[in-house]
Amino acid sequence: MLELLHDLIRQHEALVTFNGRTFDVPLLTDRYLLNRRRTALGVIPNLDLLPPARRLWKRRLPSCALGALEGDILNIQRTEQDVPGSLIPYLYQQYLRTRDARDMARVLYHNRLDLLSMVTLGATIAQIFARAARQPLPIHDRISMARWYGSRGLRAESEHSYRQALDEAPDAETRYDALLGLAQYLKQAERRAEALPLWEDLADLRLDVTGHEELAKHYEWHEIDLRRALAWAEQGIRTAQGWRNPIDRYEALRRLEHRRNRLLRKINGEGGADERDEADAD
């Protein structure tokens, strides 16, 4: 079987898998090694569809398993011929023992649908990635696409997707995600003046202290308005003091109080910032 698989793979230039990079390929590679056989599995290009599926849909779907994506995204319905994938090893062992192949027909149906679903999934992901700016998407998918574009260096597409998500945000949590992503993008692009009102909106939401910290950093290091920076740090402290989660509260207060104390020293002329705080300007 390993030789047959090796001959089959040599006829092709790449693999398309679902969780193949972390499960199937390492498992099969080990089987080749144990049997002292060579394999190209570890070097042939492998398009694993699970990571992009998670990147796109994990924000709104409880599961990104292939079976879940069939129902939630691909509109594929399996018949009663199907068998749960977890049972396939057992059914195969039963077949080897009894030579009764009736259940193997269900296994082949399952595997055939897996392959067809992967074709549909690959095409769906590619179309969404290529056309996200020109087609309606659920708001959570829109934010996921903005982050994905950003990770690929597609800055214009990332900004456009974030702004669309911000315009469509139906609640405070979703608006927070869109604001946070867009503000971070603008900061990295050295467009801090455009990020300022977004950080103020984040601070107004009071879901965390990111906006307060960014504003305090900006006025301490870039516009050099120490009293304004101090006001934002103190506002962040008041926000964090009301949190119920003791770990989050402790960490936020530790950062903000350190910032406040440094600002007070600088305002009172008691020396500049420690060298280790210079990175805080970023």
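## Helix H6 and its buried face

The buried residues of helix H6 (residues 102-131) are Met104, Val107, Tyr109, His110, Leu113, Ser117, Met118, Leu121, Thr124, Ile125 and Ile128, where buried means under 20% relative accessible area, exposed over 50% and partly exposed in between, with a 1.4 Å probe and protein chains only. These residues pack against strand S1 (15-17), helix H3 (50-57), helix H4 (66-74), H5 and helix H7 (139-151). Contact here means heavy atoms within 4.5 Å, while helices (H or I, at least four residues) and strands (E, at least two) are DSSP runs numbered from the N terminus. An α-helix has 3.6 residues a turn, so residues three or four places apart point the same way.

H6 has 30 residues, which should span 44 Å at 1.5 Å a residue, and its end C-alpha atoms agree with that at 44 Å apart. The expected span is 1.5 Å times one less than the number of residues in the helix.

## What kind of model this is

Please keep in mind that this is a predicted model: local features need pLDDT of at least 70, side-chain atom pairs count only at pLDDT 80 or more, and totals for chains, interfaces and linings use all residues. Residues are numbered from 1 along each chain as its sequence is written, and side-chain values use heavy atoms, with hydrogens and water left out.

## Overall layout

The protein has 13 helices and two strands. Its C-alpha atoms fill a box of roughly 85 × 45 × 40 Å along the principal axes. The radius of gyration is 26 Å, whereas a compact globule of 282 residues would have one near 19 Å; the radius is taken over C-alpha atoms, and the globule rule is 2.2 Å times the number of residues to the power 0.38.

Buried residues make up 39% of the 282 residues. Of the contacts with a separation of 6 or more, 57% are between residues 24 or more positions apart. The protein exposes about 17,000 Å², and carbon and sulfur atoms supply 51% of that area; accessible areas come from the Shrake-Rupley method with a 1.4 Å probe, and for residues only the protein chains shown count as cover.

Ser144 belongs to helix H7 and is buried, with a relative accessible area of 3%. Leaving aside neighbours within four places in sequence, Ser144 is in contact with Arg55, Leu56 and Arg59. Ser144 and Arg97 are 47 residues apart in sequence and 48 Å apart in space, C-alpha to C-alpha.

Helix H8 (residues 155-168) has 14 residues and reaches 20 Å from its first C-alpha to its last, close to the 20 Å expected at 1.5 Å a residue. Its buried residues are Ser158, Glu159, Ser161, Tyr162, Gln164, Ala165 and Leu166, and they pack against H7, helix H9 (172-188) and helix H10 (192-205).

## Salt bridges

A search of the whole structure finds 21 salt bridges, each a side-chain nitrogen of Lys or Arg within 4 Å of a carboxyl oxygen of Asp or Glu. One of them joins the side chains of Arg37 and Glu3 at 2.8 Å, N to O. This pair links distant parts of the chain, with Arg37 in the loop between H2 and S2 and Glu3 in helix H1 (residues 2-9), 34 residues apart. Arg37 is partly exposed at 41% relative accessible area, and Glu3 is partly exposed at 39%.

Glu220 forms a salt bridge with Arg259, the closest N and O atoms being 3.7 Å apart. Glu220 lies in helix H11 and Arg259 in helix H13 (residues 246-267), so the pair ties together parts that are 39 residues apart in sequence. Glu220 is buried at 2% relative accessibility, and Arg259 is buried at 7%. Lys217, in helix H11, is buried with a relative accessible area of 15%; not counting residues up to four places away in sequence, Lys217 touches Lys187, His222, Arg259, Asp280 and Asp282. Elsewhere, Glu70, Arg78, Asp82 and Asp114 are linked in a network of salt bridges.

## Loop residues with positive phi

Arg36 has a phi near 55 degrees, a positive value in a residue other than glycine. Arg36 lies in the loop between helix H2 (20-34) and strand S2 (46-48) and is exposed at 79% relative accessible area. Ile224 is not a glycine either, yet has a positive phi of about 50 degrees. Ile224 sits in the loop between helix H11 (210-221) and helix H12 (226-241), and at 54% relative accessibility counts as exposed.
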